[in-house]
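Here's a quick briefing to read with the model open on your screen. Have a look at the fold, then work through the points below.

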Amino acid sequence: MKNKGFWFRIIFAAALIAIIIYTFHGSWEDIWQQITETSALILIAIGGASVVYHLFEAWITYSLARRYNPRFRYRDAVYCAFFCSFYRLSTLGSGSGVAAVVFLGKKHVGYSEATGLYAIQYILHKVSIALFSGIFFVANWRLMASHYRNYAVYLLLAYFLTLLISIGLILMVVWPKFHQLLLFLVRKLNRGHRLDNVMQKLKSSTGILEESGTKLLNDWRVIVSCILKNMAKLCFWYSIPFLILWQTGAVSLLTSFSVTSLSAMTAAVIPTPAGIGSTELIMTSLYAVLVGSSQAAAVTLLYRAATFIFPFVVGAGCILGERVVKRVRRLNPR
């Protein structure tokens, strides 16, 4: 059994690596070229910005998780942030939420409560992106209006879709009728009473999910605190283009905030796996207006490396390190 588990993990890891290579097969050479052509100081700066982003993400998770498990530690939340980044890329965005719920469950946060926690955290993240974009669009109005007036329709559509997504997620978490619909569907499938246990667990889980989601959403201090932390968190990712172009002076920090947040919000409502493709297209198009196509492509490639690939590598290192420590402890028990 141990050998089967070992080979399963090897095959699973190989499959993840194959997916990642296939996903970025057309970009690896360009990304590597941009990395080798960028100064070490700038690479350290954008890597540091990415790390601080995840430290703020961990702070949000920590503040919410401690409401359910007071012994939950900040370092656990940091591990969770990079753990989710690993699965965000390796599963093309679909597995980060599941990874967070599973990890929080192992840290003695109930799975239903963890699902509600992550859903609320994701909702507030989406709302914060829209707020950030709106604030800095207005703050940099002269430049944005003069260069991106033709994007006004897409911007309004992106805001509208973000609002719809947020409302839909809130209803999914706290709306009893949605939970009743789930129970109705399972009941229809449970003609031979083979799903009685599932029905019982679902009833319990939806009740806890509704209670935990409502509890978080009804506390305005939690909402305000999470939004402010999210806004601070986003500053570090959205400053990356400014750091990349810092030596050229092509864009200010304000412009980096406003243009990058606009592209991130617009790309987020396009249904592509983990935003792959949509992010590159929109960010390159928006920055090309300011710095030309070649520099815009360079900015996009390095931004992708800093926000997707670098956190994935750190997450992989965290997972590997944890497993090595566990193995050493098993072989050398105190």
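Let's start with a charged pair: lysine 233 and glutamate 57 join side chains in a salt bridge, with N and O 2.7 Å apart. Lysine 233 sits in helix 11 (residues 220–238) and glutamate 57 in helix 3 (residues 40–65), so this pair ties together parts that are 176 residues apart in sequence. Both lysine 233 and glutamate 57 are buried. Keep in mind that this is a predicted model.

**Salt bridges**

- In total, the structure has 3 salt bridges.
- As a reminder, side chains of opposite charge can pair when their charged atoms come close.
- Arginine 73 pairs up with aspartate 76, and their closest N and O atoms are 3.1 Å apart.
- Aspartate 76 also forms a salt bridge with lysine 107, at 3.7 Å from N to O. That pair links distant parts of the chain, 31 residues apart: aspartate 76 belongs to helix 4 (residues 74–90), while lysine 107 is in the loop between helix 5 (96–106) and helix 6 (111–139).
- Put together, Arg73, Asp76 and Lys107 make up a network of salt bridges.

**Who is covered in that network?**

- Aspartate 76 has a relative accessible area of 8%, and the cut-off for buried is under 20%, so aspartate 76 counts as buried.
- Arginine 73 comes out at 37% relative accessibility, so it is partly exposed.
- Lysine 107 is partly exposed too, because its relative accessible area is 24%.

**The loop between helix 5 and helix 6**

- Histidine 108 is in the loop between helix 5 and helix 6.
- Histidine 108 is not a glycine, yet it has a positive phi of about 70°.
- Is histidine 108 buried or exposed? At 66% relative accessibility, histidine 108 counts as exposed, since the cut-off for that label is over 50%.

- Helix 13 covers residues 253–268, and at 1.5 Å a residue its 16 residues should span 22 Å. The C-alpha atoms at its ends are 22 Å apart, so the model agrees with that expectation.
- Why call helix 13 largely enclosed by the rest of the structure? Because 13 of its 16 residues are buried.
- Threonine 260 is found in helix 13, and its relative accessibility is 0%, so it counts as buried.
- What does threonine 260 touch, leaving aside neighbours within four places in sequence? The contacts of threonine 260 are Tyr238, Pro241, Thr255, Met283, Tyr287 and Tyr303.

**The chain as a whole**

- If you're looking for strands, there are 0 of them: the secondary structure comes to 15 helices.
- The chain has 334 residues, and 44% of them count as buried.
- Among contacts in the chain with a separation of 6 or more, 73% are between residues 24 or more positions apart.

How values were computed. Residues are numbered from 1 along each chain as its sequence is written. This is a predicted model: local features need pLDDT of at least 70, side-chain atom pairs count only at pLDDT 80 or more; totals for chains, interfaces and linings use all residues. Side-chain values use heavy atoms; hydrogens and water are left out. A salt bridge is a side-chain nitrogen of Lys or Arg within 4 Å of a carboxyl oxygen of Asp or Glu. Helices (H or I, at least four residues) and strands (E, at least two) are DSSP runs, numbered from the N terminus. Buried means under 20% relative accessible area, exposed over 50%, partly exposed in between (1.4 Å probe, protein chains only). The expected span of a helix is 1.5 Å times one less than its number of residues. Contact means heavy atoms within 4.5 Å.
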